[in-house]
Structure formats: C-alpha cells, structure tokens
Amino acid sequence: MNRIGTTIAAVSTPRGRGGIAVIRISGPDAVRVAEGMFIPKSGKKLSEISPRKAVFGSILDSTGEVCDEGMVTVFLSPASFTGEDSVEIACHGGVAVTQEVYLSALAHGATAAGPGEFTRRAFINGKMSLTEAEAVGLLIDADTKERMQLSGGAVRGNVTRAISEISEGLLDTMTALYAAIDYPEEDVGDEGEREIGGTLQRSLDKVNSLLGTYKVGKAISEGVKCVICGRPNVGKSSLFNLMTGEESAIVTQIAGTTRDILRETVSFGGVTLRLSDTAGIHESDDTVEKMGIDRAESEIEKSELVIAVFDGSEPLTDEDKSLISKLSTVTAPKIGVINKADMGCVITEDEISAISAVCTVVIRTSAGEITDGSQLESAISQLFGSDKIDLRHEAVIWDVRQREQLEHARISLEKAVMAIECGDPIDCVCTLAEEAMCALNETDGRGIEQHIVAEIFARFCVGK
Ligand code: GDP
C-alpha cells in the first residue's frame, strides 16, 4: 500500500519504562499535527521556530489537556530521516504517558505508521538505498558487536558504494557499446573489443568479490547453526561453557550427564554461532539417554558447522570411531577438537590422521582447566572468512536477496565476457551488459530505466 502523502506517527523507542520516549511524526502535515498537541514555552508557534532546534513546552493529550512536558524537534523536508517534514516529540518514558502522546498525535491528524514505514519512506524519497534501508533493520536488531559493525558499515553506505563503483565501470563499457551500435562505420576493432572485454571482466571480478562476502555476512547476520558432538566425558559441556562464557551446561565426570540438547547464541571467532551441546554419542540402554543420542545425530546432519570433540588423553574408542565415520558423511565444515591437552597426548598420530581425514581442521585444546578458546576462535574465523574482513569499512552483503541479484549480475557478465571473446555481435554483448546493470541496480533498489538513460546521455558528447 502506498501511503506517501499521509502523515504517520509511531512511538520510536521500545515499549516499557524509560527516562524518555520519542514519538515520531512524518508526512506533509507533521508540523500541523505537532502544533495541535504542543505549546512551546516561548509562546512562539512551532512553525516559526527554526528546524532542528529542540524546543521545550507542554504536550497536550487528545482532549486538549496538558499531559506532559517535553522537547520537540522539527525537521523540514528534505533534511530529515524520511525526507519528509518530520517532528520528534521527546516526552517522559512511562508506558501510559507515551501512549497518551502517541494517541494525541493520531487525534490531531496523523495515522498509525506500519512496520518499517519511516525507513521505507526514507528509501522511496531517495534518502537511502535499498541495502542501506535493509541495514537499518539489521542495526536495530544487532545484539553482537559484529552484527553492529556489519550493519553500521552498510548503513553508512559500504555496500551501496561498492555497487555504484561496479555500475559506473559498467556504464563506461555500455557507453562504448552504444556508440559502436549507433556508429557501425566507426569499427570498434580488435583493440576496442579487447578493451571492452577487459572492463567487463573487471566488473565481473568485483561482483564475484562482493558475492564472496556473503558467507561471512550471513554467518554474522543470521548465525551459523553449530553443534558440539562427541562421546560422553570428552569435554563437550566444558567447551560449550567456554564458548558461551557461562556455566550453562552441567560439567561432571559422570558419563551421560547432558541428555538433551542445550542451545545458546554466541559471538565467537567473529561470527554468530547458534550453538548446541548434544548428548554424547554412544551405545546406551537408557531410553531417555537414547533419545538424546538420536537427537544429537540428527543435529549433526542439520548443522552448518560441526565441532567434534575427542579426548586426547585416551586412545580412540569404538564410539569415537563411529563418530569419525558419521562425520565422513557430513558436508558441513567440521572442526576436530582434541581436548584435554593438559593431560598428555595418548592419542596416536595415526588416530589424529583419521580425524584429520574427515575434518576441515583439527586443533588441540584444554577446555576444562585452562580456559583458552583462542585456537578454536581463529579456526572458526578462518573457516568463515571473518579474519580477513574489516566489517566497519568493507562492503559485506548478508541478505539472500542481495546475493540473488548479484548472482544475476554475475551470470550476465560472464555471458557478456564470453560473447565478446567469441566475437558475437556487439548488440548481443550490449544486451547482456544491460541485464547485468539491471540486476546491479535492483540490488540497491534503483529503477533501471531513468537511471541508465540519464547517465548514458549525460556522458555522450554534443553532436553524437
Ligand atoms: P562431556 O560429557 O563431553 O560434556 O564432558 P564434560 O565437559 O562434562 O567433561 C567431563 C570431565 O572432563 C569433567 O570432569 C571436566 O572437568 C573434565 N574436562 C573437560 N575438559 C578438560 C580438559 O581440557 N582437561 C582436563 N584435565 N579435564 C577436562
């Protein structure tokens, strides 16, 4: 539903008790709505006060009675978050008073804003690109430092700038292609074709490198489903507690203590792990324990990262060997952890090789006494690439929609590079480049036609 033209209001701070709450109003009538419900102490009308200046005064409820005192700031279009006239009312943050101020905004002519409507308006009004708008949502939801850095970088335009840079390079190529189509008598020649092929390839490389960031972006934004498995008593719960930084799992010397699955979301190794500690995988006659073991096996199959724990202070048991054979059927990355390093190394080189053969990486730890998870952290960050990325400053995509659009661009660019190499007609190369441009623009929500047309003609010289 397109409600642009209406004036919307919402409580923009979380529900609950707080020092202050902010009610945001946006739309053509924002100042008029606020004037009806706010009397500045200075006696001046709100519309006469300079924008972006906080004004103190009395706030009226829907019946016209004073219900609170607070600060009001007016933002005039286009210099506001939404690009529209907007007003922010800061009142006391009690549940009842906040609701009263909000209802007063509705009574004075505003309509209730839908979810994300302020940001949607900001996008529609050209205040931000689609990836920037998507990043605002992620930033608000961010509960770890990495999520905050990733979304904060994207809000500040890291992804938008990377996409614009690729589009600009492609636009240069398309300008040359259009010229070649319009003026066939001026043959592009082998040299020209090589040049076009080179710039298309550079655009393709950049698209591929942006696509390459999806793995880490997704691992941070959505989290990686990660299971800790192994036979009883190898140190799974100790490792789980080490990773979560809490005593969530019960650690005892009695085998089979963890009978169900414990879950926790942690920021570890620069990514978000949706962690589960499973019941030890072994043969058991206990019905409850058996159910736990079955769940552990299915958990391994559903995981995106498996941490398989072995006790390095003992030789491998049959249960360890059956875990190794189970791991060989799992496609997700697997980290073999040879634990209890402090108790000496009884496990043989051959046994370690058998673990290495099915695991992506093998590390030695002491999860019990010496609580150092740095080796495991660096193994995880290397697996997901978070060690190579500066989230604050580099472009990182995280959303499946962004990836799909960039995939379309990649496929079209690959075909375009191939077409120019095979000497296909220029208009065929041009169509493929247009498709790539269209996909790139859609990644950032820009409408293709006006954008391409305006830029292309701005670059043509007079007379051509
Ligand atoms: P789980 O059954 O696999 O979850 O194993 P736990 O985490 O409950 O650990 C079993 C026992 O081994 C406990 O007594 C732990 O304190 C001990 N333990 C775990 N990790 C280590 C370690 O690295 N070194 C030593 N010495 N003991 C450990």
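**Reading charges in a predicted model**

The structure holds 18 salt bridges.

Reader: What kind of model is this, and what limits apply?

Author: This is a predicted model: local features need pLDDT of at least 70, side-chain atom pairs count only at pLDDT 80 or more, and totals for chains, interfaces and linings use all residues. Residues are numbered from 1 along each chain as its sequence is written, and side-chain values use heavy atoms, with hydrogens and water left out.

Reader: What is a salt bridge here?

Author: Side chains of opposite charge can pair when their charged atoms come close. The cut-off: a side-chain nitrogen of Lys or Arg within 4 Å of a carboxyl oxygen of Asp or Glu. Take R32 and D29. Their closest N and O atoms are 3.8 Å apart.

Reader: Is R32 buried or exposed, or partly exposed?

Author: Buried means under 20% relative accessible area, exposed over 50%, partly exposed in between (1.4 Å probe, protein chains only). The areas come from the Shrake-Rupley method, and for residues only the protein chains shown count as cover. R32 counts as partly exposed because its relative accessibility is 47%. D29, at 33%, is partly exposed too.

Reader: Which parts of the chain does the E165 and K206 pair link?

Author: E165 and K206 meet in a salt bridge, 3.2 Å from N to O. The pair links distant parts of the chain: E165 sits in helix 6 (residues 158–182), K206 in helix 7 (residues 189–211), 41 residues apart. Helices (H or I, at least four residues) and strands (E, at least two) are DSSP runs, numbered from the N terminus. E165 has 45% relative accessible area, so this residue is partly exposed. K206 is partly exposed at 37%.

Reader: Where do D320 and R231 lie?

Author: D320 and R231 form a salt bridge, with the closest N and O atoms 3.0 Å apart. D320 is in helix 11 (residues 318–327); R231 is in the loop between strand 8 (224–229) and helix 9 (236–244), 89 residues away. D320 counts as buried because its relative accessibility is 1%. R231 is buried at 8%. Elsewhere, salt bridges with shared partners join K218, E222, R274 and E304 into one network.

Reader: Which residues form the positive surface patch?

Author: Patch residues have over 30% relative accessible area and no salt bridge; like charges are joined within 9 Å. Lys and Arg count as positive; His and the chain ends are not counted. The charge is placed at NZ of Lys or CZ of Arg. Here the patch is K145, R156, R161 and R392. K145 lies in helix 5 (residues 145–155). K145 is exposed, at 57% relative accessibility.

Methods: Patches are made of residues with over 30% relative accessible area and no salt bridge: like charges are joined within 9 Å, nonpolar side chains (Val, Leu, Ile, Met, Phe, Trp, Tyr) within 5 Å. Accessible areas come from the Shrake-Rupley method with a 1.4 Å probe; for residues, only the protein chains shown count as cover.
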